[in-house]
Amino acid sequence: MPPSRPAYRQKQFSLLFFLLFALLSLNGCDYVGFYTQQAHRHQTYRYFPSVAALNQIDPENSMILRGPIKRLQKQNEPLLLVAVCSKYQQNEKVDLVQIPVSTDTYMAFLPVGSYDLYVFADLDGDGDFESEELVGKASVIVNPEQSRNRAIIEGPAIIVDREHPGEVAFRVHEKVRPTTYVYASLDDEFFDPRYGNTGLYNPSQLIEHTQGFVFGLENFDAKKTTVLFVHGISGTPRDWKYLVAGMDRSRFQPLFFYYPSGLRLDTMGSLLAEVIRDIDKNAKEGGRRIVLVGYSMGGLVALSAINKLSEGMFPSSLKMFCSFSTPYGGDENAEKGVENAPVVVPVWRDIATKSEFLQTLTGKPFPKQLPYYLFFSYHETSRFNLGESSDGTIMLRSQLTPYAQKSATKIMGFDETHTGILNNDGVRQSFNQLLDTITAAP
């Protein structure tokens, strides 16, 4: 028997109120914009399909392609990588990535498909990459079967030869822009908080902005201890400004994993593990030391990377892991979003309470050789906590799961909000004391 009209309306109203509450708890205004954009993208793709559109419509099924650049001539100049696919239209430019002078690796974010990779140099020095300035090319197939952890595709080496340039049949006209992994300050516009929301709701757009994933405040110094910071959901490296300002920069060098937080965490964990392996390879005779630091959801990304590193030869240079206010038990608002939101942000599936990702993540033993320090926060600000303790964002029971307490070398609690913990003087002092133990160790 169908419900009466008043009862039906009441049920509709209750559902609408619940959904509105859930969405507002998950950055509702930004979510509404994301939902509207996704609806428009799907409609456009239906009539005008393109591979580039898939990065925005279905980013969780795109993968990171990375491979080596081999320069035949010594030239200190940026390069441009163009990934081209002809699935829907001839020579569609799916991704354009500028390669800084300081790196010999290219990287692109691509949906499944077959691609031609072209590399261009500004041969005439006019400030533009152009079609007749082709200096290298290769082909690659991007699919999960050829990937590592269904996240990273090892691309072919691309040989760059400036002395024998070629030309492509499609138009290329891109401005050469300054690209670097070094920025003078976290106050730089490059780290503006608005890019955090971009990374959550439009991952491919953030990747286009950053043109990379690891950034620092000075040139790489192998004599210093690397402190690798991983921000949380909708965050940027600027979130670490207060802790970094208190570090002894003569001994410690901050690096920042700047990633789109809307993507699946297993993918980001795989990429972070590759970053740590790369730093470890450059360690001089085992003297290099790495400290891994994650905030909020960034702690889950960091733990995912640690688990992947544990599957092979564990990097000897990784000496410590610190997490701040990390939801090891997941987030109930994300779970409500997955169950009720009309469009789901991919990362919600991973941070939802009892998600498959979280169960797998915390189902593996933490490596005994790695000291792990857990910072948690418990200053409650919300009136809707139903009597449970939290820091205004993450429940205390999620920060202090049995797995986290059992794995931690030491647990430190602070009467701070979820965001306040990164701006607390006591937290900074405790963190610096932990760093001192790294440099004092043999």
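This is a predicted model: local features need pLDDT of at least 70, side-chain atom pairs count only at pLDDT 80 or more; totals for chains, interfaces and linings use all residues.
Residues are numbered from 1 along each chain as its sequence is written, and side-chain values use heavy atoms, with hydrogens and water left out.

Let's start with the whole chain. There are 14 helices and 18 strands; these are DSSP runs numbered from the N terminus, with helices being H or I of at least four residues and strands E of at least two. The radius of gyration is 23 Å, close to the 22 Å that the globule rule gives for 442 residues, so the chain is as compact as a globular protein of that length. That radius is taken over C-alpha atoms, and the rule is 2.2 Å times the number of residues to the power 0.38. Along its principal axes, the C-alpha trace spans about 70 × 70 × 40 Å.

Of the 442 residues, 53% count as buried (under 20% relative accessible area, with exposed over 50% and partly exposed in between, using a 1.4 Å probe and protein chains only). As for contacts, meaning heavy atoms within 4.5 Å, residues 24 or more positions apart account for 77% of those with a separation of 6 or more.

Now back to Ala121. This residue sits in strand S5, residues 113-121, and at 0% relative accessibility it counts as buried. Ile152 lies 31 residues from Ala121 along the chain, and their C-alpha atoms are separated by 26 Å.

Beyond the neighbours within four places in sequence, Asn55 is in contact with Ser62, Val94, Phe109, Leu110, Pro111 and Ser204.

Staying with burial, take a look at helix H4, residues 194-201. Of its 8 residues, 6 are buried, so H4 is largely enclosed by the rest of the structure. The buried ones are Tyr195, Gly196, Thr198, Gly199, Leu200 and Tyr201.

Next, a helix pair. How do H7 and H8 pass each other? The crossing is right-handed, a label used when the near helix is turned clockwise from the far one by less than a right angle, left-handed being anticlockwise. The axes of H7 (265-281) and H8 (297-310) come within 7 Å and cross at roughly 60°. Those axes are lines fitted to C-alpha atoms, for helices over the stretch in contact, and angles run from 0 to 180 degrees between N-to-C directions. On the H7 side, the contact includes Leu265, Met268, Leu272 and Ile276; these and others meet H8 residues, among them Met297, Leu300, Val301 and Leu309.

Ser296 is in the loop between strand S15 (290-295) and H8. Its phi is near 55°, a positive value in a residue other than glycine, and at 5% relative accessibility Ser296 counts as buried. Asn91, in the loop between strands S2 (79-85) and S3 (92-99), also has a positive phi, near 55°. At 22% relative accessibility, Asn91 counts as partly exposed.
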